[in-house]
Protein chains: 2
Amino acid sequence: MSETVKYLLSEDRIPKAWYNLAADLPVPLPPPLHPGTGQVIGPDDLAPIFPKAVIEQEVSTERWIDIPEPVRDVYRLWRPAPLIRARALEKALDTPAKLYFKYEGVSPAGSHKPNTAVPQAFYNKQEGITRLSTETGAGQWGSSLAFAGSLFGIEVEVYMVKVSYQQKPYRRALMETYGATCIASPSNLTQAGRDILAKDPNSNGSLGIAISEAVEVAASRSDTNYALGSVLNHVCLHQTIIGEEAILQMEMAGDQPDIVIACTGGGSNFAGLAFPYIREKIKGSKVRIIGVEPASCPTLTRGRYAYDYGDTGRLTPMVKMHTLGSTFMPPGSHSGGLRYHGMAPMVSHVKELGLMEARAYHQTECFAAAARFARAEGIVPAPESSHAIKGAIDEALRCKVEGRAETILFNLSGHGHFDMQAYTDHFSGKLIDPTFNQSALDIALSELPNVG
Amino acid sequence: MSETVKYLLSEDRIPKAWYNLAADLPVPLPPPLHPGTGQVIGPDDLAPIFPKAVIEQEVSTERWIDIPEPVRDVYRLWRPAPLIRARALEKALDTPAKLYFKYEGVSPAGSHKPNTAVPQAFYNKQEGITRLSTETGAGQWGSSLAFAGSLFGIEVEVYMVKVSYQQKPYRRALMETYGATCIASPSNLTQAGRDILAKDPNSNGSLGIAISEAVEVAASRSDTNYALGSVLNHVCLHQTIIGEEAILQMEMAGDQPDIVIACTGGGSNFAGLAFPYIREKIKGSKVRIIGVEPASCPTLTRGRYAYDYGDTGRLTPMVKMHTLGSTFMPPGSHSGGLRYHGMAPMVSHVKELGLMEARAYHQTECFAAAARFARAEGIVPAPESSHAIKGAIDEALRCKVEGRAETILFNLSGHGHFDMQAYTDHFSGKLIDPTFNQSALDIALSELPNVG
């Protein structure tokens with residue numbers, strides 16, 4: 001029987017500033033390099049595709065960056081997001097550990113992605129931009145930008161990774177309901193897409209390819225900017241509202257996490273919850289920070305820390321990050337949002353500094369964890385978020401073996417209402433673990449740019 | 001640009017009691033009659049399929065009924081539900097009216113239905129019941145009972161109207177994720193189902209048929225009770241938590257509704273929001289109360305107020321209600337939750353007493369209203385809830401013509417994340433308005449039982 005303990009902030013306690021980890025890093029982040037020249041790039045290089053305010057945030061080392069009132073105003077539609085003690089799951093696991101989760105699925109798009117979609121739409125609107133192009137994997141980001149675009153009157157064009165476009169028609173319908181246009185990527189609308197299709201007409205697509213297409217459109221049209229849903233510093237920045245709220249809510253609970261867990265794809269929901277705790281860790285806290293990624297796309301656990309392109313078409317700047325190589329094609333999985341060859345440079349840097357751990361799980365064990373969670377706590381998780389749940393359950397079971405009452409906080413970054421086909425496949429035994437192709441990884445790593 | 005104004009109660013203000021309109025009705029509700037004998041039935045007649053606590057609530061005339069602590073405990077997972085001022089929609093309509101909506105889509109199942117699923121599961125658990133059978137139309141109710149069953153450790157068997165079972169596979173997957181069993185109705189597992197299939201092997205099913213199947217199973221197994229998601233007094237009672245919260249939130253807003261609007265299928269989300277306001281109306285308030293139903297299943301606007309069976313198989317008691325006749329087969333539509341031949345006796349009674357108005361809309365105009373709402377307010381409504389939105393928009397446009405700044409409160413009873421196929425059909429122009437068959441209605445009304 002459930003005993004819900006939910007910690008809900010009052011609206012006036014929605015944080016008024018985002019936290020910028022760059023201000024507290026013991027070693028500064030390696031700079032991005034120009035994709036053509038290999039030279040360190042400056043703000044001007046980004047001006048054709050991003051608004052000025054966003055570029056400033058991308059390179060800022062200010063510790064706190066004010067959240068504009070119109071952004072907080074939209075945040076209020078679903079924020080503060082609840083922090084919930086997973087007592088029923090604790091009982092089901094018979095663990096002395098205390099499990100808490102921050103639930104970001106309460107947003108209208110069903111995930112944490114609107115936390116950055118809204119400010120990105122706002123800053124673009126402020127600077128007179130009328131169109132945004134973007135990529136999306138599973139569709140969480142695309143539908144979030146479509147949502148934000150509809151509120152601010154900005155047209156949104158989404159390049160959706162083809163395997164997800166076909167697998168998740170309802171995510172596409174959601175984008176269209178918000179008035180956005182959704183295109184299967186690779187498409188023949190861009191040179192980047194045509195190049196891929198010429199090589200492989202049946203390409204399933206990837207986030208790397210979709211980014212190339214969206215960037216190409218933004219670079220070639222003056223009315224259009226580009227918006228990215230993860231990886232970049234300003235995206236991680238916007239997501240810190242999650243962790244800042246969580247800190248206040250853990251105080252309400254009279255508790256402190258010993259372990260903070262989130263799934264990692266591009267790194268944004270992880271950064272959102274974890275960066276404020278990494279600040280505390282830098283100051284001396286003993287908190288453990290764990291990123292959980294899919295074994296089929298193991299950027300942090302099997303990738304190389306090196307300069308690489310953010311996209312397959314090599315249109316974006318090179319950034320230093322954990323990467324499987326921008327030419328690596330991750331196998332299709334139901335966690336489209338985690339299917340990216342790279343990792344946020346800031347997250348990668350934190351990993352290199354020893355401020356976080358990483359581990360990888362197979363999708364079938366994550367779905368089993370998700371179903372266990374749903375039946376105990378009543379919320380059906382997004383496949384991406386199920387990785388964090390699996391990580392939290394494993395830590396809770398370790399606590400049981402060791403007889404330790406540790407406090408575990410994880411990010412439930414989204415609900416799985418658009419992913420029910422995956423659950424159906426899981427229950428019918430049709431779900432398989434995609435094979436990881438080591439030789440393809442070796443080839444892709446050998447093709448990394450020779451810089452930095 | 002959005003200017004969200006959300007009124008969120010603190011958790012300690014979740015109401016501690018449900019409101020029972022029976023205590024304040026100027027004329028008592030006509031009693032239910034035995035389906036076989038036509039005599040007034042007593043609590044004992046309901047004992048084979050309902051727990052004692054629920055039967056007591058069904059016939060109670062106490063004004064306030066305490067919400068058990070374990071139920072409030074689960075409610076806290078998503079309650080208090082937000083009340084939101086729809087400023088962006090007001091601007092889009094250029095109306096002087098003020099629009100507020102109560103948003104029940106924040107529950108884990110995505111609608112208001114868990115408000116009664118949770119107490120029903122709780123009371124059954126308390127009385128040692130291990131299995132519940134039920135029916136569902138679009139799947140909102142079935143998934144809510146599956147959710148509640150999983151939290152309280154009760155097995156749930158759901159008879160889902162066949163047209164929805166086929167149209168909404170993801171609702172079914174949601175029920176299965178919560179561990180429930182879902183069966184397309186009419187099925188060959190029950191006599192009621194076999195009788196229908198013998199007459200019409202291709203039957204699309206209806207709520208009336210699915211109720212017969214679920215009741216038959218409960219009546220024939222001692223470990224199994226039946227749970228109904230709408231219509232009955234105790235269901236309306238449990239839903240009043242919506243209106244009681246709304247009253248507190250409208251006070252926070254410093255405002256009072258001139259008009260309260262909700263969609264009506266079986267009547268439960270309408271009762272939930274409206275009954276507390278009808279109490280005020282009985283006491284002298286001038287508030288207008290409007291129920292909005294689909295033109296394809298126009299119970300309140302074209303049905304007869306008469307004694308009728310709640311199901312097609314004539315297993316349930318006869319209740320006095322607005323009905324299209326228990327043999328009437330409403331055409332398929334995307335608002336499966338509103339596709340019921342009858343109406344809650346309490347709602348029907350309120351309509352007869354002149355305490356509410358009713359109107360009917362076609363589904364295409366409701367989807368157009370839903371898309372308009374989604375693009376302004378960022379939330380994609382359930383097709384059922386879109387009827388309330390259409391009603392609210394029409395009233396807001398009337399206010400514009402009349403230059404009146406009335407305050408309109410409507411119930412956004414659920415989100416549409418499982419109904420995206422319907423939105424796809426709407427945008428592609430494939431959605432049609434089902435034809436209403438007047439001669440079929442005449443025949444069904446001629447078959448009403450000759451009692452009362």
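Chain A has a mean pLDDT of 95, and 99% of its residues reach 70 or more; pLDDT is the predictor's confidence in each residue, on a scale from 0 to 100. The model is a predicted one, in which local features need pLDDT of at least 70 and side-chain atom pairs count only at pLDDT 80 or more, while totals for chains, interfaces and linings use all residues. Residues are numbered from 1 along each chain as its sequence is written, chains are lettered from A and ligands numbered from 1 in the order in which they are written, and side-chain values use heavy atoms, with hydrogens and water left out. The model scores are ipTM 0.88 and pTM 0.92.

For chain A, an unreviewed UniProt entry lists residues 77-414 as "domain: Tryptophan synthase beta chain-like PALP"; the positions follow the numbering used here, feature names are shortened, and such annotations may be inferred rather than shown by experiment. Over residues 77-414, chain A is 45% helix and 19% strand, with its end C-alpha atoms 16 Å apart. Helices (H or I, at least four residues) and strands (E, at least two) are DSSP runs numbered from the N terminus.

The contact between the chains (heavy atoms within 4.5 Å) takes 45 residues from chain A and 45 residues from chain B. About 4200 Å² is buried between chain A and chain B, carbon and sulfur atoms giving 60% of this area; buried area is the accessible area (1.4 Å probe) lost by two parts on being put together, summed over both. On the side of chain A that touches chain B, the elements giving two or more residues are α3 (69-75), α5 (114-126), α6 (140-152), α8 (169-177), α16 (363-377) and α18 (420-427). Across this interface the rule finds 0 salt bridges, a salt bridge being a side-chain nitrogen of Lys or Arg within 4 Å of a carboxyl oxygen of Asp or Glu.

Over all chains, the structure holds 51 salt bridges. One of them joins Arg131(A) and Glu157(A), whose closest N and O atoms are 2.6 Å apart. Arg131(A) belongs to strand β6 (residues 131-136) and Glu157(A) to strand β7 (residues 155-161) of chain A, so the pair ties together parts that are 26 residues apart in sequence.

Backbone features were also identified in loops of chain A. The peptide bond from Arg79(A) to Pro80(A) is cis, with omega near -10 degrees, and Pro80(A) is found in the loop between α3 and β4 (83-85). The bond from Ser185(A) to Pro186(A) is cis, with omega near 5 degrees; Pro186(A) lies between β8 (181-185) and α9 (191-199). Arg314(A), although not a glycine, has a positive phi of about 60 degrees, and is placed in the loop between β12 (304-309) and β13 (318-323).
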